[in-house]
Structure formats: C-alpha cells, structure tokens
Amino acid sequence: MEIAENAALVVVDVQKAFEEEDFWGRRNNPGADENIAALIDAWQTSGRPVVFVRHDSSKPGSPLRRGHAGNEFKDYVEQRRGKGAGPELLVTKTVNSAFYGTPDLGAWFGSHGVRQFVVAGIQTNMCAETTARMGGNLGYEVLFALDATYTFDLVGPFGWSLGADELARATAVSLHGGGFATVVATEELVAAAGK
C-alpha cells in the first residue's frame, strides 16, 4: 500500500459521549481506540496532516451537545492534539459529513494539496462512513481504517435491527464494493506511513 507524503488522517468524532453505554447500547471492536491512537502517532511522527473532527450536536438531549462533558475528545486524542510535526486542523460539525463542517475541510485539503486521506473514528456506519462516501464522491482517494472505527447495535424500520459487527461489515462492503473507499487495516497503514 502506498501512502502519499501529504495524505491526511481524518479522526472523526472520538468523543467522550460515545462511552455512555446507557445512551448508545452495545458497541463492537474494543480495540478501536488503540488503533486510532496508533494511526495518530504514525501520522504525527511522519509529519503528515491530521484533522480532528468534533460533532457538536444541536439536539438538546444529545450527549454530544456543546457544553456537555461528552462533547470533549477522549483523553488519548486530546493529549495528542498539537503534537504532530505536520499541519493540523480542528473541524466542528453538526451533521454526519466532516465536509460540512467549520472550517471548510475541502478548502483546507486544497490549500495543502491533499488528494488522499484516511478515515478513522466513530461511528463506523454514521459519520465515518458518510465522510468516506462524500470524499469518494468528491474525487479523493479514501482509505477507510475499519479496525480503527466502532459503532453500536441499531434498530431500523420494519422492526429490523442489526448488531454493531453486522453494521461494520455492511459499511465495509458498501464502501469497498461500491468504490467509495478502499477498506484497510490499521497495521497496513502504520507500516506504510513509516516507509
């Protein structure tokens, strides 16, 4: 796998709110946080750009709302912010896609010549997937670090429900099979970033 010298890492919504199990329910992939941290470290060490995305929910009861402790980045992310050798950006958003945030992610990518980026973060099938899909639509080469994401069991229409692992697999198949992104493992990305 080849990683561009200026490939960006987009770390989506790794916020304390997602530790509130009573609100979200059962999650998958307990190793995700360790993998997200490894990606941030690899990107910062190599001097590549890192984008930290924070969801500022406009819903009054959301644990992701501004002013609530859950809005803050998880400690291991906050401790790494500002530590990289390369450019860094904080994007805040109220919708799923990081491309609809402030400041404008596409404009920032343009100013840094970024055409390839990696997605990691929470939730696999929500904001991480939406950011990856939109990136693919906009012509970026998107790499989706599936094992550096996690999600929760979800109930949908018609009484249907899917477990978190099933949702993650569906995301991987849709993104990869649909040509939106290449689904990869953290280990591959860390190795490629170190070359």
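Why is strand 5 (residues 116-122) largely enclosed by the rest of the structure?

1. Basis. This is a predicted model, where local features need pLDDT of at least 70, side-chain atom pairs count only at pLDDT 80 or more, and totals for chains, interfaces and linings use all residues. Residues are numbered from 1 along each chain as its sequence is written, and side-chain values use heavy atoms, leaving out hydrogens and water.

2. Strand 5. Seven of its seven residues are buried, so strand 5 is largely enclosed by the rest of the structure. Buried means under 20% relative accessible area (1.4 Å probe, protein chains only). Gln116, Val118, Ala120 and Ile122 point one way. Phe117, Val119 and Gly121 point the other way. Strands are DSSP runs of E, at least two residues; helices are runs of H or I, at least four; both are numbered from the N terminus.

3. Neighbours. Strands pair if DSSP finds at least two bridges between them. Strand 1 (residues 8-12) pairs with strand 5 in the parallel sense over five bridges. Leu9 stands opposite Val118 there. Strand 6 (residues 141-150) also pairs with strand 5 in the parallel sense, over six bridges. Gly121 has Thr149 as its bridge partner in strand 6. From strand 5 the chain crosses through helix 5 (residues 124-137) to strand 6, a right-handed β-α-β crossover. Right-handed means that, with the strands pointing away from the viewer, the path from the first strand over the helix to the second runs clockwise.

4. Whole chain. There are seven helices and nine strands. The C-alpha trace spans about 45 × 40 × 30 Å along its principal axes. Buried residues make up 50% of the 195.
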